[in-house]
Amino acid sequence: MYVAVKGGERAIRNAHAWLAEERRGDPAVTELSVAQIREQLALAVNRVMAEGSLHDPDLAALAIKQARGDLIEAIFLIRAYRTTLPRFGVSAPIRTAAMACDRRISATFKDLPGGQVLGPTFDYTHRLVDFKLAAEGDAPRAPTGAADPGDVPHVMDFLNREGLIEEARPDDTPPPDLTREPLELPASRALRLQALARADEGFTLGLAYSTQRGYARNHPFVGELRIGAVAVEMEIPELGFAIEIGEITVTECETVNQFTGSKTEPPQFTRGYGLVFGQTERKAISMALVDRALRWEELGEDNVGAPAQDAEFVLYHADNIQATGFLEHIKLPHYVDFQSELELVRKLRRTAGADGMQEAAQ
Amino acid sequence: MKDTVDPPHARKAWMSLLAKAPEGRAAALFDAAMTRPDFTWLRRPEIGSVMVRGRAGGTGAPFNLGEMTVTRCALTLSEGVVGHAYIQGRRKADAEAAALIDALMQTEAADRLRADVLDPLAQDAKARRAERAARAAATRVDFFTMVRGDD
């Protein structure tokens, strides 16, 4: 029997009206502007851009406002908006070696050209709640110093000179695009990196942490972490030459991993790579660790059965929009499905009851 | 009107500058410099995306990092010069101004636009970059070694 259920429209309309009222909160408190979110909750904006896989700070800030600060809901809004945009083209690969660095640190070399530049970091703060921020105050100003002109070289270049680390050889194979073709296995490294760049930060962090605790341990050091602005260049077909179409901030993390060698590779250091939109260093480091764990096969390492080595497990569960869509749909009406299950359980119990009585009679 | 367009590298430089200008800035400088000429649209301002690529390990095989929003348009001045704009973000009015400037840079108005629009935009960009670089420089660690020893 199929029973059509109607009658939810008024309830839904009123629920959404109440949502709008709750979103605004107490009207006696000043309304939050999109520009305030963009400027003062910048790291939330960065996460929404990274996992929404669309760089547009104003749009991400608006989505955060609409989602009442629920970042996964905001990411959902960005992903939905993204699908409405015509694709004008693809950029040339960004040149992170030419980054205008806000931050650049290495855990492997103390003294290196360009130096250890801390940037606007939470590191070395005491993690004590600062009650001064509860009061309105003047805009703080940071001290300035004399900057060196020129690009900051990548740390990996120094290790490369000795041949102690695997090289990332230039290669111009056009990468697959999981926004155009469904994710299929085996996934190339290019596809894995795309999936990881937009993967849920919490999931990626948990997997990365599992590798540190011993599930596919690969002894990572942060060879280099850099955050800063890079130009995005694209070939314009109607012009026949490339122009810079914008500038974005990204976080790049390169790990140096111990590697004792395999049947095909000499003992050397290997690398994991993380690249994420915005100032998002926890995510970028996590991405590099998971990238390295997933490379076990090409490096000839053993599969120890760790979750972070299992490309299918990682890639099919890392996307928080896919995950939340499937997870949250179970709260929506399943009245008919459940009716059939209810009937089945009743029938099984009747059968079991009858058998039980039969046994008792024997 | 010049019979040839500027060499691509010059055009590339001004188009790149216009693409990265802060919201409303190029249009404000442009309107202060001159009245806008008549034009017809070849392509009205349109918002879309560009897939941004990175390279594995910074230098290896390319991969798709994620998209960014871009606004583009194309127009032609009454004398037939074509202007294009591809600029970051969702900014139709800015794209229109950028395409007009691109077209006019190929005409006798070029010198005036360079002085009144492009040079100030380049100075702004340089100043913004220098300000961040100076703040970064102040956070550079100066290691020194504590002297230990028996003497």
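Domain 1 and domain 2 of chain A bury about 1,400 Å² between them. Of this area, 59% lies on carbon and sulfur atoms. The model is a predicted one. In the domain assignment of chain A, domain 1 covers residues 10–82. Domain 2 is made of three segments, 96–119, 151–167 and 177–324. The centres of domain 1 and domain 2 of chain A, taken over C-alpha atoms, are 29 Å apart. Domain 1 of chain A brings 14 residues to the contact, and domain 2 of chain A brings 19 residues.

Two salt bridges are counted between domain 1 and domain 2 of chain A. A salt bridge also pairs Asp200(A) with Arg47(A). The closest N and O atoms of Asp200(A) and Arg47(A) are 3.2 Å apart. Four residue pairs are in polar contact between domain 1 and domain 2 of chain A, with both residues at pLDDT 80 or more. On the side of domain 1 that touches domain 2 in chain A, α3 (42–52), β1 (54–55) and α5 (71–82) each supply at least two residues. The most comes from α3(A), with six residues. By type, this side of domain 1 of chain A divides into seven nonpolar, three polar and four charged residues.

The contact between the two chains was examined next. In chain A, 76 residues are in contact with 52 residues of chain B. Chain A and chain B bury about 5,700 Å² between them. Carbon and sulfur atoms carry 59% of that area. Nine salt bridges are found across the interface of chain A and chain B. A salt bridge also joins the side chains of Asp102(A) and Arg132(B), at 2.9 Å from N to O. Between chain A and chain B, 32 residue pairs are in polar contact, both residues being at pLDDT 80 or more. Strand β5 (residues 241–257) of chain A gives the most to the side of chain A that touches chain B, namely 11 residues. The residues on this side of chain A comprise 40 nonpolar, 15 polar and 21 charged.

Strand pairing also links the chains. Strand β2 (residues 87–90) of chain A runs parallel to strand β1 (residues 39–55) of chain B. Three bridges join these two strands. Val90(A) stands opposite Met51(B), a residue of β1(B).

Arg87(A) forms a salt bridge with Asp177(A). The closest N and O atoms of this pair are 3.2 Å apart. Over all chains, the structure holds 41 salt bridges. Side chains of opposite charge can pair when their charged atoms come close.

Two backbone features of chain A complete the description. Most residues other than glycine have a negative phi, and most peptide bonds are trans. The peptide bond between Leu185(A) and Pro186(A) is cis, with omega about 0 degrees. Pro186(A) is located in the loop between α6 (156–161) and α7 (189–197) of chain A. Arg68(A), a residue other than glycine, has a positive phi, near 55 degrees. Arg68(A) sits in the loop between α4 (57–66) and α5 of chain A.

Methods
Residues numbered from 1 in each chain as written. Chains lettered and ligands numbered in written order. Predicted model: local features only at pLDDT ≥ 70, side-chain atom pairs only at ≥ 80, totals over all residues. Heavy atoms only, no water. Contact = heavy atoms within 4.5 Å. Buried area = accessible area lost by both parts, 1.4 Å probe. Salt bridge = Lys/Arg side-chain N within 4 Å of Asp/Glu carboxyl O. Polar contact = N/O pair within 3.5 Å; in protein donor to acceptor, adjacent residues only side chain to side chain. Helix = DSSP H or I, 4+ residues; strand = E, 2+ residues; numbered from the N terminus. Nonpolar A, V, L, I, M, F, W, Y, C, P; charged D, E, K, R; others polar. Pairing = 2+ DSSP bridges. Domains from an automatic or database assignment.
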